[in-house]
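Please look over the sequence and the structure shown below before reading on. The report that follows takes up a few of its parts in turn.

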Amino acid sequence: MIPARYAASRFPAKLMQDLAGKPVILRTYQAAVHTKLFDEVYVVTDSNVIYDTIVKEGGLAIMSQKEHDCGSDRIAEAVMQMDVDIIVNVQGDEPFTDRESLEGVMQVFEDDTHKEIDLASLMVKITDEEEINNPNTVKVIVDNRDFALYFSRSPIPYPRAKNDDTVYFKHKGIYAFRKSALMDFQRLPMLQLEATEKIEAIRYLEYGKKIKMVETTVQGIEIDTPEDLKKAQKAWK
C-alpha cells in the first residue's frame, strides 16, 4: 500500500513532480511492483490526479472515502474489508524503494513465531551532522533487540559528553503491519507525544505496540523538499 496525499505541507504536489520523465508517485509505484514481492500493490490517494496517473499506466489505485491525517489511517480504510494478514506501507515519496529493504521488514514476520511483533520498519545509519540535526529527518533509538524505544525530529540520543562514537539512525518510511495493529491505530486517538512530534509511528509506541526495526544500508532519497527532488533527479541520471 502506497499512501499518496496530494497537498503535502512542506512540498505541495510533490508526488506529481517530474522525475526522469515520470511523476514521483508513478516511479515509487513501479519500484514497489518491480520488487516482485507482493500479491498486489495499490496507491491509496485523496487525489483524482494521482489516481488517474496510476490507473492510466495499468496500476491499481484506491480513492480514499474520508479525509485522513496520516498514511496509516488512509491505509486502514483501504484494507478494512480485505482478507490480508500483513500489509506493507511504502511512502509515496520513496522512488528508490528497493527489494532488499522490503525483504528485511517482511522477514521479521516470518521469524516471529510467537506473534509478539506488531510492526516492522527500517532504519539506516546516518553520520552527516546536518542530516542528524534536520527536523525533516526522523531519528529512532532502539533497545538491545532492535525494538523501537522512541522516534524524534530532534537528534537522539543527545551526546552529552560529545562522544564521537554516538550512533544515529534515520527512520525510513517503510512499514509492515499486522492488520490488527493497523485497525487499532485508526480507532485510537492521537496522544500528546505524537501531536508534538507529528510522527505517526509514535502512536503505536504510546499504545504499547512493539515495533521491530531492521537496519539497512540503502540510503535512498525521500522527497520532502524541492532540494530533495533535485538530488533525486541527479541520482536518477
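Why is helix α3 described as largely enclosed by the rest of the structure? Of the 9 residues of α3, 8 are buried, so the helix is largely enclosed by the rest of the structure.

## About the model

This is a predicted model, in which local features need pLDDT of at least 70 and side-chain atom pairs count only at pLDDT 80 or more, while totals for chains, interfaces and linings use all residues. Residues are numbered from 1 along each chain as its sequence is written, and side-chain values use heavy atoms, with hydrogens and water left out.

The buried residues of α3 are Gly 71, Ser 72, Asp 73, Arg 74, Ile 75, Ala 76, Ala 78 and Val 79, where buried means under 20% relative accessible area, exposed over 50% and partly exposed in between (1.4 Å probe, protein chains only). Helices are DSSP runs of H or I with at least four residues, and strands are runs of E with at least two, numbered from the N terminus.

The axes of α3 (residues 71-79) and α6 (residues 179-187) come within 9 Å and cross at roughly 115°; axes are lines fitted to C-alpha atoms, for helices over the stretch in contact, and angles run from 0 to 180 degrees between N-to-C directions. At this crossing, Ser 72, Asp 73, Ile 75, Ala 76 and Val 79 in α3 meet Lys 179, Leu 182, Met 183, Phe 185 and Gln 186 in α6, contact being heavy atoms within 4.5 Å.

Val 142 has Ala 148 in β9 as its bridge partner, and in the hairpin, with 5 residues between the strands, Asp 146 takes a positive phi near 65°.

Strand β8 also pairs with β10 (residues 168-178), again antiparallel, over 2 bridges, and here Lys 139 stands opposite Lys 170. Arg 178, which lies in β10, is buried, with a relative accessible area of 14%.

## The nonpolar cores

A nonpolar core is a set of buried Ala, Val, Leu, Ile, Met, Phe, Trp, Tyr and Cys residues joined through side-chain atoms within 4.5 Å. In the largest one, which has 32 residues, Ile 2, Ile 25, Val 43 and Ile 54 touch the most other members. The largest share of this core, 5 residues, comes from α1, and a second, separate core of 30 residues includes Met 1, Cys 70, Met 123 and Tyr 175.

Conventions. Two strands pair if DSSP finds at least two bridges between them.
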